[in-house]
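Hi,

Here is the structure we talked about, handed over for you to look through. My notes on it follow below.

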Amino acid sequence: MFRRVLFRSVPEWPIPPGVQAEPREYQKLGFHWLVWLRDLDLGGVLADDMGLGKTLQTLLLLYDTHGDPEGSPSLVVAPTSVVYNWAAEAQKFVPDLRIYVHHGSNRASKLPVKDVDVIVTSYALLRYDDTLFTNTRFRYVVLDEAQQIKNPDSQIAAICQKIQSDHRLALTGTPLENNLVELWSIFQFLMPGFFGTRQSFAGRYATSIQKQQDMEALATLRKR
């Protein structure tokens with residue numbers, strides 16, 4: 001019921017011309033929701049199961065966002081194994097979206113912030129070339145397999161927090177794996193302060209729900 005009511009309240013948005021695909025209905029709904037979040041200046045977690053088209057929905061969002069070619073590029077951070085898959089999917093579905101893959105030993109020493117719409121890199125290189133990314137402002141920062149920052153004490157989570165951007169998005173089929181603090185860590189990247197401090201979140205939600213089985217706290221968290 002919640003999902004049905006939510007999508008009924010999300011305005012439709014036209015698929016931008018030039019897309020070389022016919023998205024499924026649920027992918028169109030996902031795209032509408034992502035545009036809605038963007039226009040409200042909200043971050044979000046696209047948590048579809050694997051194989052349901054998170055990459056396509058996100059590429060539609062980025063293609064629509066970069067309909068105005070002026071301005072800063074967006075950044076997609078992904079596991080090393082799928083970095084080139086992002087470029088291939090973009091070429092297949094949105095060939096007009098200008099992609100630069102920052103990867104390999106011959107990668108550029110500076111990021112090409114002009115004549116590029118989307119920069120794709122890996123978590124490993126984000127950690128290695130952190131100053132390149134933290135000194136650049138992006139239109140969107142998208143974390144693929146965002147559970148990579150589930151540990152708020154990790155170096156990669158700290159680097160992601162420092163990246164400057166207008167909008168942020170997390171993609172993961174498993175936004176919560178072991179502990180509720182993992183959810184706090186992802187939202188601290190998306191919308192810093194949305195869930196308060198780590199300590200207050202742990203006291204208000206994590207401890208109450210996981211150790212005390214507090215159903216009222218769980219309902220409050222779900223509503224939030």
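**What I found**

Let's start with Leu56, which counts as buried at 10% relative accessibility (buried means under 20% relative accessible area, exposed over 50%, and partly exposed in between, with a 1.4 Å probe and protein chains only). Leu56 sits in helix H3, residues 54-65. Helices here are DSSP runs of H or I with at least four residues, strands are runs of E with at least two, and both are numbered from the N terminus. Setting aside neighbours within four places in sequence, Leu56 is in contact with Gln27 and Phe93, where contact means heavy atoms within 4.5 Å. Gly30 is 26 residues from Leu56 in sequence, and their C-alpha atoms are 10.0 Å apart in space.

Before you read on, two notes on the source. This is a predicted model, in which local features need pLDDT of at least 70 and side-chain atom pairs count only at pLDDT 80 or more, while totals for chains, interfaces and linings use all residues. Residues are numbered from 1 along each chain as its sequence is written, and side-chain values use heavy atoms, with hydrogens and water left out.

**The whole protein**

The secondary structure comes to ten helices and six strands. The radius of gyration is 18 Å, close to the 17 Å that the globule rule gives for 224 residues, so the protein is as compact as a globular protein of that length. (That radius is taken over C-alpha atoms, and the rule is 2.2 Å times the number of residues to the power 0.38.) Along the principal axes, the C-alpha atoms fill a box of roughly 50 × 40 × 30 Å.

How much of the protein counts as buried? Of the 224 residues, 48% do. If you take the contacts with a separation of 6 or more, residues 24 or more positions apart account for 65% of them. The protein exposes about 11800 Å², and carbon and sulfur atoms supply 51% of that; the areas come from the Shrake-Rupley method with a 1.4 Å probe, and for residues only the protein chains shown count as cover.

On charge, there are 24 positive and 24 negative side chains, with the centres of the two sets 5 Å apart. Lys and Arg count as positive and Asp and Glu as negative, leaving out His and the chain ends. Each charge is placed at NZ of Lys, CZ of Arg, CG of Asp or CD of Glu.

Which residues of helix H7 (155-162) are buried? They are Ile156, Ala157, Ile159 and Cys160. These residues cover an arc of only 160 degrees around the axis, which puts them on the same side of H7; the arc is that of the directions from the helix axis to the C-beta atoms. An α-helix has 3.6 residues a turn, so residues three or four places apart point the same way. The cover over the buried residues of H7 includes helix H5 (123-128), helix H6 (130-134), strand E5 (137-144), strand E6 (164-171) and helix H8 (180-190).

Leu143 is in strand E5 and counts as buried, at 0% relative accessibility. Not counting residues up to four places away in sequence, Leu143 touches Val77, Tyr123, Ile149, Cys160, Leu169, Ala170, Leu171 and Phe189. Ala108 is 35 residues from Leu143 in sequence and 21 Å from it in space, C-alpha to C-alpha.

**Loops, and one more helix residue**

Val19 lies in the loop between helix H1 (2-9) and H2. Val19 is buried, with a relative accessible area of 14%, and its contacts, not counting residues up to four places away in sequence, are Leu60, Tyr63, Phe93 and Val94. Tyr63 is 44 residues from Val19 in sequence, yet 8.6 Å away in space, C-alpha to C-alpha.

Two loop residues have a positive phi without being glycine. Asp41 has phi near 60 degrees; it is in the loop between helix H2 (25-39) and strand E1 (44-46) and counts as exposed at 60% relative accessibility. Glu145 has phi of about 55 degrees, is found in the loop between E5 and H7, and is partly exposed with a relative accessible area of 25%.

Finally, Asn85 is in helix H4, residues 83-93, and is partly exposed at 36% relative accessible area. Asn85 and Leu40 are 45 residues apart in sequence and 30 Å apart in space, C-alpha to C-alpha.

Cheers
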